[in-house]
Amino acid sequence: MEAAAVPQELPPDRGAHELFGYVGIEAVLEQMKVKTMKMGFEFNIMVVGQSGLGKSTMVNTLFKSKVSRKASQPSQEERIPKTVQLQSVTHVIEEKGVKMKLTVTDTPGFGDQINNENCWDPIIKYINEQYERYLREEILITRKRKIPDSRVHGCVYFIPPTGHWLRPLDLEFMRRLSKIVNVVPVIAKADTLTLEEREEFKQRQDLKAHSISVYPQEDFDEDPDDRLLNDRIREKIPFAVVGADQEHQVNGKRVLGRKTKWGIIEVENPEHCEFPMLRDLLIRSHLQDLKDITHNVHYESYRVRRLNESNRPAPSSNNGLPGRDEDGEESNL
Ligand SMILES: Nc1nc2c(ncn2[C@@H]2O[C@H](COP(=O)(O)OP(=O)(O)OP(=O)(O)O)[C@@H](O)[C@H]2O)c(=O)[nH]1
Ligand SMILES: [Mg+2]
């Protein structure tokens, strides 16, 4: 029997509906789920900021908190040394059959020098190197089925909890970073601020005034629902976070926190600080979006710049990679 053509006089969707009835295309969701579970996925975060703001502590907090309690070592009472070089920690986390390879890259703090000029260079160089690595795999004739992804999907920028304004150094650093990576600013050591000071910090419009577009960027909201959700997040940014890698006993439960004379500041308690919001944004609610924007926007613009320059030999010392200082501005920091 011949397949009936959709009658011309019916609106196309009604005609198709009558002809096929229920097709069940949502089965694709299950297929996608199974595929993701089998393949697993990679997610990479970086922490950046002035020296001593608690970046290394936050890396430990993240791994010792609910993200990967199992992966964490038993609490050690040793002090975290000053970070002197970029270093990455990776844990494979498995939940309900879904595997995530989470890598957090810790970076040395800056701001110790009298002259902080170009202190962003090693970090920007690292981010670009990961794009370059991906690009080199992607342009091969025989490509791997799954290209290893070490690109930085989210960069948590630590703002010092002092002063009434963001310092020019932080503004300049974030401005440069936000052009090549998703930047999530946080107020470091928020336990040192009063609640009013925290609020005041959030009311500042420094980032907007300096046209620094941090994550979630307004330009990339996909639809009104997205906008509504992201507007609520934007109101809360920068998150006021507290980091700790020691566990304490509170009401019979072990909690991660900072013990002070006045009590324990629990880092996973939303009443105490906004670390849970940061973790939820990165690991739960916006993980796929961070990956998508990295791939479709940041990596894409790197790729276009790089391939446009392909007549020139690939730079060997990566400081010359595209993306660095692309506007060629001099800084007077
Ligand atoms: N009050 C307070 N202290 C913190 C917090 N997070 C970390 N610290 C303390 O700050 C000090 C420096 O912490 P680190 O995690 O080493 O700081 P860092 O940013 O990695 O420092 P560099 O590696 O030098 O860049 C340590 O004594 C931490 O215990 C916080 O949220 N609140
Ligand atoms: Mg450190």
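Q: How are H4 and H10 oriented to each other, roughly?
A: In this predicted model, they are roughly perpendicular. The packing angle is about 75°, and angles of 65 to 115 count as roughly perpendicular, which is why the label applies.

Q: Which residues do these helices cover, and how far apart are the axes?
A: H4 is residues 121-138 and H10 is residues 287-308. Their axes are 10 Å apart.

Q: Which residues in H4 and H10 meet?
A: From H4, Asn 128, Tyr 131, Glu 132, Tyr 134, Leu 135, Arg 136 and Glu 138. They meet Thr 294, His 295, His 298, Tyr 299, Tyr 302, Arg 303, Arg 306 and Leu 307 in H10.

Q: And how do the residues of that contact divide?
A: Into 6 nonpolar, 4 polar and 5 charged.

Q: New topic, ligand 1. How many residues surround it, and which are closest?
A: 16 residues surround ligand 1. Closest are Ser 51, Lys 55, Thr 57, Thr 83 and Asp 191.

Q: What does Thr 57 do there, in terms of atoms and distance?
A: One of its polar side-chain atoms sits 2.5 Å from an oxygen atom of ligand 1.

Q: What about Asp 191?
A: There, a polar side-chain atom lies 2.8 Å from a nitrogen atom of ligand 1. Gly 109 uses a polar backbone atom, 2.9 Å from an oxygen atom of the ligand.

Q: How much of ligand 1 does the protein bury?
A: 81% of the 650 Å² that ligand 1 exposes when taken alone.

Q: Which helix gives the most to the shell?
A: Helix H3, residues 55-64, with 3 residues.

Q: How does the whole shell divide?
A: Into 3 nonpolar, 8 polar and 5 charged residues.

Key: Residues are numbered from 1 along each chain as its sequence is written. Chains are lettered from A and ligands numbered from 1 in the order in which they are written. This is a predicted model: local features need pLDDT of at least 70, side-chain atom pairs count only at pLDDT 80 or more; totals for chains, interfaces and linings use all residues. Side-chain values use heavy atoms; hydrogens and water are left out. Axes are lines fitted to C-alpha atoms, for helices over the stretch in contact, and angles run from 0 to 180 degrees between N-to-C directions. Helices (H or I, at least four residues) and strands (E, at least two) are DSSP runs, numbered from the N terminus. Angles under 35 degrees count as roughly parallel, over 145 as roughly antiparallel, 65 to 115 as roughly perpendicular and the rest as oblique. Contact means heavy atoms within 4.5 Å. Ala, Val, Leu, Ile, Met, Phe, Trp, Tyr, Cys and Pro count as nonpolar, Asp, Glu, Lys and Arg as charged, and the others, Gly among them, as polar. A residue is near a molecule or strand if one of its heavy atoms lies within 4 Å of it. A polar contact is a pair of N or O atoms within 3.5 Å; within protein, one must be able to donate a hydrogen and the other to accept it, and residues adjacent in sequence count only if both atoms are side-chain atoms. Accessible areas come from the Shrake-Rupley method with a 1.4 Å probe; for residues, only the protein chains shown count as cover.
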